[in-house]
Amino acid sequence: MYQAQISRANPSAFVFLVDQSASMREPWGAESGKAKADAVATILNRLLQNLVLRCAKEEGIRDYYHVAVIGYGASVGSALGGSLVGEDLIPISRLGNNPIRVDDVTKKVDDGAGGILEQQIKLPIWVDPKAENGTPMTAAFGYARSLLEPWVQSHPDSLPPIVVNISDGAPTDGDPTAAADAVKQLTTSDGSVLLLNINTSSAAGAPVEFPSNPEVLPDDYARLLFAISSPLPPYMRTAAAEEELRVDEASRGFTFQGDAVATIRFLDIGTRPVNMAAVDAPAT
Amino acid sequence: MHASFRVFWDAKIGSSPEEYEDAFWPEAAATFARDGRFAVADGATESSYSRHWAQLLVGAVGGQGYTRRETLIRHLDELRTEWSTAHVNPSQPWYVAQKLELGAFAALLGVRLIEDARGPRYHAIAAGDCCLVVVRDGAQLRAWPVEQSTDFGSNPILLSSVDPAAEQRAFLLHDAMPLATGDTLFLMSDALAAWFLREAEAGRVPWATVGAFESGDDEGFRAWVRELREAGAMRNDDVTVALVAIE
């Protein structure tokens, strides 16, 4: 299980569910001064950039993945902007070739001789921050299922899709457990769809990463998201262990935190290719 | 001493032959008297233009004769410049430009055969996980720089097309050994080398299997590789083996 090789003939899929409710305007833990919605949009844009780069070759972007970014707040639907408005699960080449804009940013880098160099870098943007209304998480899981049910039928031997839900907590449309279970019940011949949850917290305490015991979590909402998170498959446990995180067979794909760096690490572990035709650089 | 060279290769399943990212030198079967230069390189799949980088590296060893470790290091920066200038294009999409900045990566194995008053021998340089196996009298005499099959799989340190040559000095290893008439050298990229060493460790004779392919039998070789991949005995990756027989 979870060993299928990712290739253009056998791609995998990511569905990112992004809480865009009003509470995402609040500051985010250690990232004080930055609203959760802003921080999450930044992290998502960099993650999408890295996924595109992983698939990019000289001739273009190879469709190793299909990707959806679904926002839930005032409504539930694609959070992609620009020419991708309204588009759900799309080949990564379509994503990579159609950002809303590409920002030019000046980055200061070490010149290797004790000085600082200014380097121009290009940051593609696909998702702008948004924060309004409630948290229709149950509807978001239903939306994810509606995207992935036909996808697994048309990709029966692919590495199972991964759904990543990023939220600050309390659903406003009821208990999402059954809807989350319906997503996780979708399968390919290589295993079930995996559901990972990132609980963005306004508290600046130490992050909880890949816990195996809900008792360590501070509130019922965190425990709810823990309960609906998939146990980590072996390849993700290996990736987490490589990052020197303590994981065991009961560890869930869940993190509770207010720390952008740890969130990026969680997403990196959760989206790292297990067995890609384009293997992780710089392996050959 | 005479040496005869033949080479077999196959692109990974799911890729076209144009997407094959290993490289080898010479480019076709050949025979050599007294002196010969041979190379195999394996471009990293995730980087862009890694086929070109692999081709530049084998060309540096085989064509330009940079077979000594220090000589190759001295010329690496020229190769990097050649690689970069070939691909810079202001109108390219953001992801092509960013992949160029990240550079291409490749493993390299270069072998030079020499015969002088001390007799025939080889000098080899290597970075990463391409592997040289020397077979003598029906037994594996040497596997280098990867010595056993379990050493494959971790991320090898590869030559970068953007990092300064000085930083890569430590990655490039050197080896030398006397040779005898009848020896066969197998220069392999990692997927086949891992299978080869595993078979040898199990007491089997992979050199006989690979050595049975006659020059030009590309279809036979590819059918055999396909069977190994389908049986799960070989990782799905580009495959290259160059055989150098000492006669």
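## Basis

The model is predicted: local features need pLDDT of at least 70, side-chain atom pairs count only at pLDDT 80 or more, and totals for chains, interfaces and linings use all residues. Residues are numbered from 1 along each chain as its sequence is written, chains are lettered from A and ligands numbered from 1 in the order in which they are written, and side-chain values use heavy atoms, with hydrogens and water left out.

## The interface of chains A and B

Chain A gives 28 residues to the contact and chain B gives 29, where contact means heavy atoms within 4.5 Å. About 2300 Å² is buried between the two chains, with 51% coming from carbon and sulfur atoms; buried area is the accessible area (1.4 Å probe) that two parts lose on being put together, summed over both.

Between the chains there are 14 residue pairs in polar contact, both residues at pLDDT 80 or more. A polar contact is a pair of N or O atoms within 3.5 Å; within protein, one must be able to donate a hydrogen and the other to accept it, and residues adjacent in sequence count only if both atoms are side-chain atoms. On the side of chain A that touches chain B, the elements giving two or more residues are α1, β4 (56–57), β5 (60–61) and β10 (116–125) of chain A. Of these, α1(A) gives the most, with four residues.

## Helix α1 of chain A

Helices (H or I, at least four residues) and strands (E, at least two) are DSSP runs, numbered from the N terminus. Helix α1 of chain A covers residues 36–55, and its 20 residues should span 28 Å at 1.5 Å a residue; the end C-alpha atoms are 29 Å apart, which agrees. The expected span is 1.5 Å times one less than the number of residues.

In α1(A), 16 of the 20 residues are buried, so the helix is largely enclosed by the rest of the structure. Buried means under 20% relative accessible area, exposed over 50%, and partly exposed in between (1.4 Å probe, protein chains only).

## Salt bridges

A salt bridge is a side-chain nitrogen of Lys or Arg within 4 Å of a carboxyl oxygen of Asp or Glu. The structure holds 27 of them over all chains, and three cross the interface of chain A and chain B. A:Arg8 pairs with B:Glu19, with the closest N and O atoms 2.8 Å apart. A network of salt bridges links A:Arg8, A:Glu59, A:Arg62 and B:Glu19. Within it, A:Glu59 and A:Arg62 form a salt bridge at 2.8 Å; A:Glu59 is partly exposed at 47%, whereas A:Arg62 is buried at 5%.

In chain B, B:Arg169 and B:Glu70 meet at 2.9 Å, N to O. B:Arg169 lies in the loop between α4 (165–168) and β10 (173–178) of chain B and B:Glu70 in helix α2 (residues 69–87) of chain B, so the pair ties together parts 99 residues apart in sequence.

## Buried residues

B:Ala242, in strand β12 (residues 239–246) of chain B, is buried at 1% relative accessible area. Leaving aside neighbours within four places in sequence, B:Ala242 has contacts including B:Phe5, B:Val40 and B:Leu185.

B:Leu132 lies in strand β7 (residues 131–136) of chain B and is buried at 0%. Beyond four places in sequence, the contacts of B:Leu132 include B:Leu109, B:Trp144 and B:Leu185.
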